Amino acid sequence: MKKMGNHSSMTRKLCFSLALMLTMSLSLFAQDPAAAATDTAAPAPSAGGDTAKGKELFNANCAACHKLDAKATGPALRGVASKYEMAWLYKWVKNSSDLIKSGDAAAVKVFEENNKAVMTAFPQLSNEDIDNIIAYTSEPKAETPVAAAGATPTAGAQNQEGGISNNVILGALALVMAMLVVLLFFVNNVLRKVARANGIEVESKSPSMPIWKAFAKNQFLVLVSAILLLLCSAYFVYGYLMQIGVDQEYAPIQPIHYSHKIHAGDNEINCKYCHSAARVSKNAGIPSLNVCMNCHKNISEVAETTATPEYSKAFYDEQIQKLYAAVGWDKTTQSYTGKTQPVKWVRIHNLPDFVYFNHSQHVTVAGIECQTCHGPVETYEIQKQFAPLTMGWCIDCHRKTDVKTEGNEYYTKIHEELSKKYGVEKLTAAQMGGLECGKCHY
Ligand code: HEC
Ligand code: HEC
Ligand code: HEC
Ligand code: HEC
Ligand code: HEC
Ligand code: HEC
């Protein structure tokens with residue numbers, strides 16, 4: 001065996017380069033994401049009550065009609081302690097109607113100012129409870145964090161805080177790659193040196209036939225590659241043709257940025273509360289804006305915690321203002337102005353006119369969950385078309401899905417006959433006639 005004269009110098013170079021790469025990549029990835037210190041100093045409790053307990057009581061009893069800083073059904077409550085004596089407030093909260101009836105001037109005045117809306121009586125609250133609530137309403141308004149205020153309301157603002165951005169990672173990878181190339185170059189050089197030192201001739205390439213000429217001469221190879229090429233292009237052409245008219249993943253921008261994730265996901269509103277027609281008719285329908293106002297009379301802005309790095313609170317609040325503009329709701333007077341304009345939702349799912357599809361048949365009769373066909377809607381920030389809606393998709397499911405016959409008298413007899421005919425225990429939708437052209441085509 002030949003002795004490697006240059007061995008040690010080569011290993012040293014190798015080790016050095018490796019170590020360099022490692023330290024570089026480590027230091028790049030070890031950025032400290034927790035650097036953005038969160039300043040969560042609790043506000044000093046105001047004298048005369050426990051603000052934390054007060055907040056709890058406020059949210060449980062008062063938040064339905066009151067907000068701290070904006071008018072809702074009742075007036076904004078921040079700083080209300082400076083308007084009235086505590087004794088008056090006890091009486092008012094425990095039973096405002098009594099106080100009004102007694103002719104108390106201040107009470108009558110608020111009552112008149114608020115269109116004579118009646119406030120619920122809270123005889124169950126003790127003076128201490130009310131102290132706590134008033135302490136909570138006396139807290140100074142929290143400063144909005146600078147970051148949130150500066151955030152643009154436009155969608156797609158970049159998340160700079162959480163973790164390292166993709167660009168940094170890509171840059172690091174590119175650097176590592178470049179280093180590898182340099183390293184290989186070194187190794188090659190060293191190996192050549194070693195070879196020369198040991199008297200081995202490194203062969204230089206001898207000129208030979210260009211590869212394409214060799215290829216052209218081999219008829220078998222040419223034939224095989226021609227066939228492969230044809231097959232491949234046929235595959236892609238077929239794929240292209242088949243996706244014409246298929247709008248899977250279609251997610252248009254809607255006139256109001258309406259998030260199913262916030263409504264159906266975070267707040268667990270049932271799909272059928274809004275799409276109530278899905279149970280009983282062919283179409284699931286888009287809810288009318290009155291349905292929205294059942295809740296949004298009182299929800300004029302989203303909570304601070306609802307904002308995401310992508311969509312700021314200001315952006316969401318603006319969307320709710322669009323809803324108000326459309327139904328003609330005046331937030332300050334809490335009344336309808338009568339000036340309405342329809343919201344033009346962009347239709348997402350749309351079967352061709354020659355296809356008959358019925359929601360109630362699938363949702364009520366077959367008991368299929370919305371999510372089977374529409375995907376995990378409760379996680380969609382933006383609604384999209386989940387299923388391809390092709391004929392193959394419908395047929396496929398009809399072949400696989402058993403008809404739900406339990407508790408459905410209508411099916412008992414037909415099920416008996418058909419299961420005898422097919423000799424099976426359970427019938428699929430296909431065996432019930434779900435493959436007949438006329439069932440789906442007019
Ligand atoms: C059902 C709705 C409703 C609930 C619940 C409610 N309020 Fe009221 N509140 C009102 C209305 C409406 C007014 C305005 C006076 C009126 O029309 O009676 C009002 C007025 C007030 C006022 C006088 C405000 C001012 O600026 O003059 C105070 C104080 C008050 N509420 C405290 C409370 C507290 C505390 C709670 C919870 C324990 C509460 N309210 C729960 C509807 C409500
Ligand atoms: C608070 C009311 C509300 C609730 C609850 C709700 N939706 Fe919607 N849904 C809407 C509105 C408004 C639209 C139209 C705007 C859009 O497409 O984002 C819509 C659109 C859709 C569409 C697309 C319609 C089209 O144009 O093709 C589907 C599918 C859908 N919803 C399914 C669901 C499912 C499934 C659930 C339950 C997980 C659900 N929705 C819960 C209000 C609601
Ligand atoms: C059952 C009550 C309820 C109904 C009905 C409802 N919402 Fe909401 N909506 C909410 C709640 C709760 C929030 C979130 C508040 C928060 O996060 O602080 C919200 C937030 C929003 C937002 C801001 C977040 C976003 O999705 O962009 C918009 C816009 C909105 N709703 C529009 C609508 C529209 C349009 C309808 C009618 C199709 C509707 N809402 C029906 C309860 C409701
Ligand atoms: C078996 C599959 C299937 C199930 C289950 C299903 N959908 Fe659909 N949905 C469709 C198809 C297909 C369309 C397109 C209909 C068309 O274009 O005529 C559609 C359209 C819609 C639309 C658009 C507007 C309309 O009225 O057609 C909404 C909204 C909708 N579905 C909501 C729901 C909700 C909510 C549920 C659950 C209660 C549900 N869907 C269950 C297949 C399904
Ligand atoms: C997730 C599975 C599923 C998908 C997807 C589906 N279906 Fe169905 N479909 C069923 C089941 C299950 C039944 C049987 C319901 C019953 O008990 O009558 C059914 C029944 C039907 C029927 C009535 C058949 C009969 O014998 O009376 C029609 C029509 C129909 N589907 C049309 C469609 C169309 C059109 C599509 C595609 C746009 C589609 N379905 C997609 C599961 C599905
Ligand atoms: C379960 C429901 C269903 C049944 C059963 C069904 N189809 Fe369809 N068919 C569809 C749907 C949905 C489409 C629309 C597909 C699309 O838009 O990509 C369609 C589209 C078609 C088209 C047009 C294709 C195109 O790309 O425009 C033809 C032709 C057709 N069907 C013929 C038939 C024939 C023939 C039968 C009986 C052997 C049949 N269909 C049975 C649901 C069905």
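## Ground rules

In what follows, Ala, Val, Leu, Ile, Met, Phe, Trp, Tyr, Cys and Pro count as nonpolar, Asp, Glu, Lys and Arg count as charged, and the others, Gly among them, count as polar. The model is predicted, so a few limits apply: local features need pLDDT of at least 70, side-chain atom pairs count only at pLDDT 80 or more, and totals for chains, interfaces and linings use all residues. Residues are numbered from 1 along each chain as its sequence is written, while chains are lettered from A and ligands numbered from 1 in the order in which they are written.

## The chain as a whole

The chain has 20 helices and 2 strands.

How much of the chain is buried? Buried residues come to 10% of the 442 in the chain. Here a residue is buried if 20 or more other C-beta atoms lie within 10 Å of its own, exposed if 12 or fewer, and partly exposed in between, with C-beta atoms placed from the backbone. As for contacts (C-beta atoms, placed from the backbone, within 7 Å), take those with a separation of 6 or more: 70% of them join residues 24 or more positions apart.

## Around ligand 3

Let's start the ligand tour here. Ligand 3 is surrounded by 23 residues, and the closest are Ser259, Cys292, Cys295, Thr306 and Gln319. To be counted, a residue needs its C-beta atom, placed from the backbone, within 6 Å of the molecule.

The shell around ligand 3 splits into 15 nonpolar and 8 polar residues, with no charged ones. Helices α11, α13 (289–296) and α14 (313–327) each put in at least two residues, and α13 gives the most, with 5.

One residue of helix α14 is Ala314. It counts as partly exposed, because 17 C-beta neighbours sit inside 10 Å. Ala314 is 13 residues from Glu301 in sequence, and their C-alpha atoms are 8.6 Å apart in space.

Ligand 2 has 21 residues around it, with Cys271, Cys274, Ile348, His349 and Cys370 the closest. At least two residues of this shell come from each of α11 (260–266), α12 (271–274) and α16 (370–374). By type, the shell around ligand 2 holds 12 nonpolar, 7 polar and 2 charged residues.

For ligand 6 there are 17 surrounding residues, and the closest are Val355, Met391, Cys394, Cys437 and Cys440. Two or more residues each come from α17 (391–400) and α20 (437–440), with α17 giving the most, 4 residues. The shell around ligand 6 divides into 10 nonpolar, 5 polar and 2 charged residues.

## The largest nonpolar core

A nonpolar core is a set of buried Ala, Val, Leu, Ile, Met, Phe, Trp, Tyr and Cys residues joined through C-beta atoms within 7 Å. The largest one here has 12 residues, including Phe58, Trp92, Leu99 and Ile130. Helices α2 (51–62), α3 (86–94), α4 (96–101) and α6 (127–137) each supply at least two of its residues, and the largest share, 5 residues, belongs to α6.

Tyr136 is also one of the core residues. Setting aside neighbours within four places in sequence, Tyr136 is in contact with Thr51, Gly54, Lys55 and Phe58.

## A closer look at α6

Is α6 largely enclosed or open? Since 8 of its 11 residues are buried, α6 is largely enclosed by the rest of the structure. Among those buried residues are Asp131, Asn132 and Thr137, and the buried residues of α6 pack against α2 and α3.

Helices α3 and α6 pack at an angle of about 105°, their axes 10 Å apart. Axes are lines fitted to C-alpha atoms, for helices over the stretch in contact, and angles run from 0 to 180 degrees between N-to-C directions. The two helices are therefore roughly perpendicular, a label used for 65 to 115 degrees. At the contact, Leu89, Tyr90 and Val93 in α3 meet Asn127, Ile130 and Ile134 in α6; the residues involved are 5 nonpolar, 1 polar and no charged.

## Two loop residues with positive phi

Most residues other than glycine have a negative phi. Asn115, in the loop between α5 (105–113) and α6, has a positive phi of about 55°. Asn115 is exposed, with 10 other C-beta atoms within 10 Å.

Glu249 has a positive phi too, near 70°. Glu249 lies in the loop between α10 (219–242) and α11, and it counts as exposed, with 10 C-beta neighbours inside 10 Å.

Technical notes. Contact = placed C-beta atoms within 7 Å. Parallel < 35°, antiparallel > 145°, perpendicular 65-115°, else oblique.
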